[in-house]
Amino acid sequence: MKASPLQQKELLRLQALDIKVLQLSHQSKSLAQHTELAALNREAEASRMKLLGRSGELDDVRTELGRIESDVEVVEKRIARDTDRLQHTPSIKDIQALDSEIASLKKRLFDLEEIEIAVLERQEEHEAAVAVVQQERDAITERVSATELARDEVLVDLTRQLGELTRDRATVAATIPDDLAALYERLRITGHGNAAALLRARACSGCTMTLTGSDLADVRQAPADEVIFCPDCGAVLVRTDESGI
C-alpha cells in the first residue's frame, strides 16, 4: 500500500488520540468511587438485613404486648362486672363466691401488669436497637449520596474530555485516505489497539522491538511512500528523522 509520509504521520496522531480515549474509558470504569459504592452497597444490604431482623423482633414484642393488654382489659372488665354484681346481690353465698373470684382476678391482674411492664421494657430495648440500625442506614445513605456526587463530577469531566478527543479524532481521520484508514482500523482490532507506531532509533515504539538484519535492510530499502509494518507486532511503522535508518 502507498501513502505519503505526511499521511502516515497522521496515523501516529490518530493512534495517540485512540490511546487517550482508551485511557479515559478505562479511567471512567475504574474510578475509586465505583469500588467505594460497591462496598457501601454491601454495607447497605447487611444493614437492611439487620434492620429486618431487629424490626421482626420488635414486631414480635409488640404482638406479645398486644395480647397482654387484651388479657388485662378482659380481666379488668370481669373485675368491674363482678364488683357490680357484688354490690347488688343479697345472697351471702354469692357474695363469698364473688369475693373469692375478685381476689383471684386481682391476683391475675397484678401478674399481667408485671408481665406488661417487663414486655414494655423489652419493647423499649428493641425500639432503641431498631433506631440504632436505622441511624446506621441513614449514615450509609448519606455516604452513598456523597460518593455518587463525587463520582458524577469526575464522570462529567471525563465525558467532556472524551467528547473533545472524539471530535479531534474525527478531524484527523478525515485527512487520512479511506484505504489507509481501513487498514488502521483493521490493525487496531487485531493488534489490541496498537495499529501505528513510530520507528525511533531503529525500534518500534509500539512493541519496543529493535529492527536488525534483514528486517532493518527491508525498511531501509522501502520507498518513503511505502506502508511498512513491524515484523513483531504488525503495526504500521512510521518513519521520521528519529528512525535512525
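I count a contact when heavy atoms lie within 4.5 Å. The model I am reading is predicted.

**Entry 1: Asp 82**

I started with Asp 82, which sits in helix 2, residues 32-88. Is Asp 82 buried or exposed? Its relative accessible area is 0%. Buried means under 20%, so Asp 82 is buried. I then looked up what Asp 82 touches, leaving aside neighbours within four places in sequence. The list for Asp 82 is Leu 98, Glu 101, Ile 102 and Leu 105.

**Entry 2: Leu 37**

Next I went to Leu 37, also a residue of helix 2. Leu 37 has a relative accessibility of 8% and therefore counts as buried. I again set aside neighbours within four places in sequence. Leu 37 is then in contact with Val 144, Thr 147, Glu 148 and Arg 151. I also checked the distance from Leu 37 to Glu 142. These two residues are 105 apart along the chain, yet 12 Å separates their C-alpha atoms.

**Entry 3: helix 2 against helix 3**

For a packed pair of helices I note the angle between the axes and the distance between them. Helix 2 and helix 3 pack at about 165°, and their axes are 6 Å apart. Over 145 degrees counts as roughly antiparallel, so helix 2 is roughly antiparallel to helix 3. I logged the crossing of helix 2 past helix 3 as left-handed. Which classes of residue make up this contact? I find 28 nonpolar, 9 polar and 28 charged residues in the contact of helix 2 with helix 3.

**Entry 4: helix 1 against helix 3**

I turned to helix 1, residues 5-29, and helix 3, residues 92-173. Their axes come within 10 Å and cross at roughly 160°. Helix 1 and helix 3 are therefore roughly antiparallel too. Helix 1 passes helix 3 in a left-handed crossing. On the helix 1 side I noted contact residues including Glu 10, Arg 13, Leu 14, Leu 17, Val 21 and Leu 24. On the helix 3 side they include Leu 155, Leu 158, Leu 162, Leu 165, Asp 168 and Arg 169. By class, the contact of helix 1 with helix 3 divides into 10 nonpolar, 4 polar and 6 charged residues.

**Entry 5: residues 203-237**

Last, I checked the UniProt record. An unreviewed entry there places "domain: C4-type zinc ribbon" at residues 203-237. In the model I read this stretch as 26% helix and 17% strand. The end C-alpha atoms of residues 203-237 are 10 Å apart.

Key:
Residues are numbered from 1 along each chain as its sequence is written. This is a predicted model: local features need pLDDT of at least 70, side-chain atom pairs count only at pLDDT 80 or more; totals for chains, interfaces and linings use all residues. Side-chain values use heavy atoms; hydrogens and water are left out. UniProt positions are given in the numbering used here, feature names are shortened, and annotations may be inferred rather than shown by experiment. Helices (H or I, at least four residues) and strands (E, at least two) are DSSP runs, numbered from the N terminus. Axes are lines fitted to C-alpha atoms, for helices over the stretch in contact, and angles run from 0 to 180 degrees between N-to-C directions. Angles under 35 degrees count as roughly parallel, over 145 as roughly antiparallel, 65 to 115 as roughly perpendicular and the rest as oblique. A crossing is left-handed if the near helix is turned anticlockwise from the far one by less than a right angle, and right-handed if clockwise. Ala, Val, Leu, Ile, Met, Phe, Trp, Tyr, Cys and Pro count as nonpolar, Asp, Glu, Lys and Arg as charged, and the others, Gly among them, as polar. Buried means under 20% relative accessible area, exposed over 50%, partly exposed in between (1.4 Å probe, protein chains only).
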